[in-house]
Structure formats: C-alpha cells, structure tokens
Amino acid sequence: MYSFYGTWPWYISGFLIGAVMLTLIFFGKQFGMSSNLRTLCTMAGAGKNVDFFKFDWREQKWNLAVVLGAILGGFAAVHFLSDGSGVHLNPKTVEQLAAMHIEAPNGKLGPDSLFSWEAVKTPKTVLILFFGGLLIGFGTRYAGGCTSGHAISGLSNLQKPSLIAVVGFFIGGLIMAHFLLPLIF
Amino acid sequence: MRFLDLIKFLLVGFVFGIVLTKSEAVSWYRIYEMFHFQSFHMYGIIGVAVVTGVIGVQLIKRNQMKDIKGLPIEIADKEKGFLRYIIGGTLFGLGWGLVGSCPGPIFILLGAGFYGIVIVLIGALLGTYLYGVFKNKLPH
C-alpha cells in the first residue's frame, strides 16, 4: 500500500521526527526551527538597534547547519525520492478547495495558485504570502517557538507552556481554515 | 564550532527535510485537510512524534544519560506564562493555516523549489524583527 517513492506513512514519519529531536538532544542541543529566523535577523544587523537581536549568532551555527541540511533534504526528496504519486487528499477536501478555485494536488505539495511563478506575479498572492509569513514570524517569536520547539520538543518534555502554545496554534489555524480562507480565496 | 562538528547537524537537518517532505507535512494541502479534520495523517505524524519524544526524554532523564561530549543532558524548562503562549500561538496558527507552512517547512520548501515561499520567508523575518522591536510593550 505504501511505497518509498510515494507518501510516507504517518507512523514512520512521526517516529523519525521524534528521533530527529532526540538526536539533537543527544548532540547537546534543542530542536527548534523558528529561532533561526531570529539568528538570520541578527546576522543581517538587527542587533544594532534592537536588544532582542544582540547576541553572538555564531552560537547558533549548529542550527543554521540543520536548516541548510533541511533545504538540501527538501531538494533531494522532491528530485530523487518522489514518483509524483503523493498527496492523496480526502475527496471532500478536494471538493471544498475547488469551490475556492484551488486546484487538486495531483501529486504536488502546494497549489500553483499560491506558490507558482505565475501566481507570485499577482499582488493578491504576494500579499497573502507576505502576511502569512509576518504572522508566522511574529507569532512564533512571541510564543517562543513553533511546531518543532513547542509541539514536538515542548510536549515531549511535558511542558505546560508548550501545551498552551499548541492550543493557540489550533485556535489560529481553525479560525483561518474555517472562517477566513473562504473569504480570502 | 569546527566544520566536522557542523556536518552532523547538517545530516540531521537533511533527514528532517526528507521526512517532512515525504510525509507531506510541508504540504499546504495537508495542513488545510488537518484543520478541517478530514484526515488522520497529520495528527498521526504529530502524535507519534510526541509519543516517541516523551518516551525518549523519560529514558534520558531516568537513566541520567550523557550527551555526545559526555556531559549530563539537561533539558531546560519553558518559561512560565500564559498570555504570550496563547496570543503568540494563535497569531502563528493564523499564519500556519493561511500559507500552510511553519518555520521548518519554509526552509524545506525553498529546497523543494516553491518560488512563492521566498515571500513567506521575507514576511517571517520581518515579523520576527517586529516582535523584537515591540517585545517590551507586549503582555507576556
């Protein structure tokens, strides 16, 4: 039923993500992707005016190496490990998306109407992507972590703040998916 | 940190990028489907990752395991608080639901060749910067 070149099953994927987090703990670090956004701001010179960015970014080199690896992993997975059979959605989801003029995946990870070169030429798409990014950057730093830092690392260490953050993730996501997306698209 | 030290982190990231792409956790479609409760897939991934993590962290703590350098492993607790987690979390959730990617996948999708994600990354960097600017005026 599952193929190596198709969608990986949730139980294998979940286990491997847990293993990645534990490996980083074994390496003496903590799994968290959004802190790299802060590091990149510091590297760009944000520490000159804002105290929050005043730290030695070299301490975070290890995490930038993780990011670089992740970028290469994304490239390798798409180009060498995929047969284009993935992303089988619930037929109901596909129907709902069609009503919002978003095409079915047909093996693609993201809709062309949002991420393709053509789509990026329209101001509306640029605004959507930009504001989405803004919310992600601001929200994750405000909450002190994202899906990796809170949902995976934090919950694994039974942290109550992380549980509150994850509840927040879902409040925001549910409002967006159910009420705002139909208005936006 | 020396080059060879960094290689092991690069490899961990490489595996992470492959797993998130092949599990389709980086897919805008999968996130939409998840927030509409129309598939178990994403819940299965997060659930198994957390169960694996809880078991691993408990084993590390109970056996007082050492890290790769032989130092005792200490996992810092998250700062106590409520408002920052619920407000910040909700704002991030809105973004996650809109563009379908959290910070990890933003980088992974760069590698996967989704042009539009560059704009998301620019927005995310600016959002991070704005938080740094307004940090002291926000309730935490």
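Which residues of α5(B) are buried? Let me start there, everyone, and keep in mind that we are looking at a predicted model. The list runs P103(B), G104(B), P105(B), I106(B), F107(B), I108(B) and L109(B), and then G111(B) and A112(B). So that's helix α5 of chain B, residues 103-112, and it is mostly covered, with nine of its ten residues buried.

What do those buried residues pack against? Both chains contribute here. From chain A we have α2 (35-43), α3 (61-80) and α7 (123-143). From chain B itself there are α1 (3-22), α4 (83-99) and α6 (117-134). If you follow the chain past the end of α5(B), you come to G113(B), and its phi is positive, near 90°.

Now let's step back to the two chains as a pair. In chain A, 127 residues are in contact with 107 residues of chain B. Putting the chains together buries about 10400 Å², and 78% of that area comes from carbon and sulfur atoms. Where does the largest share of chain A's side come from? That would be helix α9 of chain A, residues 160-184, which supplies 19 residues to the side touching chain B. Sorted by type, the residues on that side of chain A are 81 nonpolar, 39 polar and seven charged.

One last look at the interface, please.

Notes: Residues are numbered from 1 along each chain as its sequence is written. Chains are lettered from A and ligands numbered from 1 in the order in which they are written. This is a predicted model: local features need pLDDT of at least 70, side-chain atom pairs count only at pLDDT 80 or more; totals for chains, interfaces and linings use all residues. Side-chain values use heavy atoms; hydrogens and water are left out. Buried means under 20% relative accessible area, exposed over 50%, partly exposed in between (1.4 Å probe, protein chains only). Helices (H or I, at least four residues) and strands (E, at least two) are DSSP runs, numbered from the N terminus. Contact means heavy atoms within 4.5 Å. Buried area is the accessible area (1.4 Å probe) that two parts lose on being put together, summed over both. Ala, Val, Leu, Ile, Met, Phe, Trp, Tyr, Cys and Pro count as nonpolar, Asp, Glu, Lys and Arg as charged, and the others, Gly among them, as polar.
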